[in-house]
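This note is for a colleague opening the model for the first time. Please keep the structure in view while reading the points.

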Amino acid sequence: MWRRHQAVQSTVQRWLGHYRTPVGLRKHFLSSSSVGRSSLCTVLFSAGWPSIFSNVNHPSPNRYGDVRLFSSRGGHRRPRIPMMKDLHSVEEVIVTAYEYLNLMSRRNVSAVWARIPQLMTKRPQKQHVSEEISIDDMRLMIERLFDNTVDGIVDCRFREITETTLGMAKIVQILRKRAGGRRKEDAYRIILRELLLNEDNRTANRKLFQFSAEKSIDILHEFDARCLSNLAYAYALIEYVPKFDDGSDLFDHIAMHSAEMKEEFKPQEVSNMVWAYATVGVSHPELFEKIADHIVGLKSLDRFTHPQDVSNTVWAYATAGVNHPQLFEKMANHVMANHIARHDHLRDFKPQDLSNIVWAYATAGAKYPHLFDKMANHIVRLDHLRDFNPQDLSNTVWAYATAQVSHPKMFQQLAKAAVQCKEEFISQDVANILWSYATMGIVDKQLFSSVEPTAAKLIDNYNNQNLGNIAWAFAVADVDAPTLFNDRFINKCLKMRDRFSLEELRQLHQWHLWQTKEKSRTGLPEELQDRCYKEFISEEPRPSKLQDDVVDQLSSIGLDPKEEVLMDSGYRIDALVEVTGKTLGVEVDGPSHFIGKGKSPLAKTILKRRQVPSIDGIELVSVPYWDWDKLGKNQAKKQEYLRQLLGFDN
């Protein structure tokens, strides 16, 4: 495994047999409550901490066969250290660092921390059982590397401190994903978890990262654009914003320096920077405005060659709530121009890139239907959708539903993919997908029926918005879901009753109508039912000019229309008329009743058209805006249109 000279291996084993570091002492100091600025090393090494390696003579380094060694510089010769990028497993990196630690510069040590997370995500080469390292031996080597790193931070320049911090942050991110995993964990992962994470296995060791941040701001004026971006990115990975005694935080200092050197940032550095601020939820509009203005001012975005740079940038602006229409326009035109110039351009985009881009445009309210069409057409042409994870699927359909961009073929393909991975859904995925299909008026009964068991299992995880969206979506789709809508669902609604928004109460009212009036099943308890009904009817009607015109013409043909009539169901009818002894409801359906102001009805239109006849016993007749617009200002034609529509001959 190690491809090392036998003499080096024997020496390492002899060291491991003679020296043992007290387990737990290091973790105790790192988690102590009072670690002041630039004092972590003092705390770590002042309480009788043994410097057990200070008098150890290291063996002469040996060449690793095909592993390159750092060349010596200066006028004197010194042993050469293996290049970290030529090592192929975490164990190999750790053993190498342990052997050569006294010879390593700060740059060499930071390269170790940069290499470890790269190898943690790769499948290791096959090892011989006889070469496996015990956890005690692994602990000794990693803790010595850790001690050397912490002690040496005070001597690091900006590149070394950034590389070290970013490497440790990436390790934390990898370990958090495996928290609570069933598979036996490698020894090095156990030790790194103890050193870099807290006992909850979720939060990073903040004392360590606080110390690194305090050292960073002392020399932040030396940082170049890349290191500023990487430093922000590192702390975003661990979701930690270090704060200082003067009330400022690390991201305040990074923003101040970044704004002054915005023109030096490359596309990846720009995207990493804004992504970091959006991820940790730090609002800094001035920095975002300056970066966006810089991007918009560029003659072209040819340097934005990586899809992730585009997707992360627009995602960050949408997430941070920074409105910059020119930036979104510039990015959309860049993607479209490349798509036209290169037919297979979008094949470079991963599913997450595609979903993040459309999600960002929908969230920001930036309407670019041509961009959405190109993305959807690309998705439909893909050989398979196995690379789309549940979040990619849910974010994509949510974006199209929110932006009201219809693409039936794409929704059909994504529904099939959703059914295949439904067991992997979390609560937000379920709510987003069902709400999106219902909103677009796409009643895919197989999708709703297939997702129902998963939705039922997740009932305890739903927030108030999830409950409202899921209940409303099934009501729109009119798909029975007895496994989901039972006493557990009702009890969950009761627990959340004080958290429901006005819109969610309206959704639950429509679900209650569906359950009790259309399906004759148990609905909401009376108290919650009354709240939902009162909110449903509370919205004041606002007749449009189109509605006023239709009502005037109904009167002109001899009818007596009654406007905005409140029905027992809680719905209001635009105009109620009596035609040859029969009561008809006239619904004036303007552009806002249809998807993207087209001709496909929105879910609210579908639900009203179904529930009013079913519950109130009133037949509804629709006057769609496109029919009415064709008649222009010719009143005679409008009146004749209404007579034929209503079957009225006076």
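1. Basis of the note. This is a predicted model, in which local features need pLDDT of at least 70 and side-chain atom pairs count only at pLDDT 80 or more, while totals for chains, interfaces and linings use all residues. Residues are numbered from 1 along each chain as its sequence is written, and side-chain values use heavy atoms, with hydrogens and water left out.

2. Overall make-up. The protein chain has 29 helices and four strands. Helices (H or I, at least four residues) and strands (E, at least two) are DSSP runs, numbered from the N terminus. Of the chain's 650 residues, 54% count as buried; buried means under 20% relative accessible area, exposed means over 50%, and partly exposed lies in between, with a 1.4 Å probe and protein chains only. A contact is defined by heavy atoms within 4.5 Å. Among contacts between residues at least 6 apart in sequence, 71% join residues at least 24 apart.

3. Nonpolar cores. A nonpolar core is a set of buried Ala, Val, Leu, Ile, Met, Phe, Trp, Tyr and Cys residues joined through side-chain atoms within 4.5 Å. The largest one has 190 residues, and Ile116, Leu192, Leu196, Phe209, Tyr361, Phe474 and Phe485 have the most contacts inside it.

4. Ile116 and the pair α4 and α5. With neighbours within four places in sequence set aside, Ile116 is in contact with Val90, Val93, Ile94, Ile171 and Leu192. Three of these names return where two helices meet: Val90, Val93, Ile94 and Ala97 in α4 face Val112, Arg115, Ile116, Leu119 and Met120 in α5. Two packed helices are described by the angle between their axes and the distance between the axes. Here, helix α4 (residues 90-100) and helix α5 (residues 106-120) pack at an angle of about 160°, with their axes 9 Å apart. Axes are lines fitted to C-alpha atoms, for helices over the stretch in contact, and angles run from 0 to 180 degrees between N-to-C directions. The two helices are therefore roughly antiparallel, a term for angles over 145 degrees. Their crossing is left-handed, meaning that the near helix is turned anticlockwise from the far one by less than a right angle.

5. The pair α13 and α14. The axes of α13 and helix α14 (residues 307-320) cross at roughly 145° and come within 12 Å. This crossing is also left-handed. On the α13 side the contact is made by Phe288, Ile291, Ala292 and Ile295, and on the α14 side by Thr313, Ala316, Tyr317 and Ala320. His294 is found in α13 too, which spans residues 285-297. His294 is buried, at 18% relative accessible area, and touches Lys262 and Glu263, not counting residues up to four places away in sequence.

6. Phe372. This residue is found in helix α17 (residues 369-381). Phe372 counts as buried because its relative accessibility is 1%. Leaving out residues up to four places away in sequence, Phe372 touches Val358, Tyr361, Ala362, Ala399, Tyr400, Ala403 and Val405. The C-alpha atoms of Phe372 and His407 are separated by 9.0 Å, with the two residues 35 apart along the chain.

7. Ser212. Which residues does Ser212 touch, not counting residues up to four places away in sequence? They are Ile161, Thr165 and Tyr235. Ser212 lies in helix α9 and counts as buried, at 4% relative accessibility.

8. Positive phi angles. Asn201 is not a glycine, yet has a positive phi of about 60°. Asn201 lies in the loop between α8 (187-196) and α9 (206-218) and is partly exposed, with a relative accessible area of 23%. Glu239, also not a glycine, has a positive phi of about 55°. The loop that holds Glu239 runs between α10 (225-237) and α11 (250-260), and at 52% relative accessibility Glu239 counts as exposed.

9. Cysteines. The count of disulfides comes to zero, a disulfide being a pair of cysteine sulfur atoms within 2.5 Å. Cys156 is buried, with a relative accessible area of 8%. Cys421 counts as buried at 11% relative accessibility.

Definitions and conventions: Angles under 35 degrees count as roughly parallel, over 145 as roughly antiparallel, 65 to 115 as roughly perpendicular and the rest as oblique.
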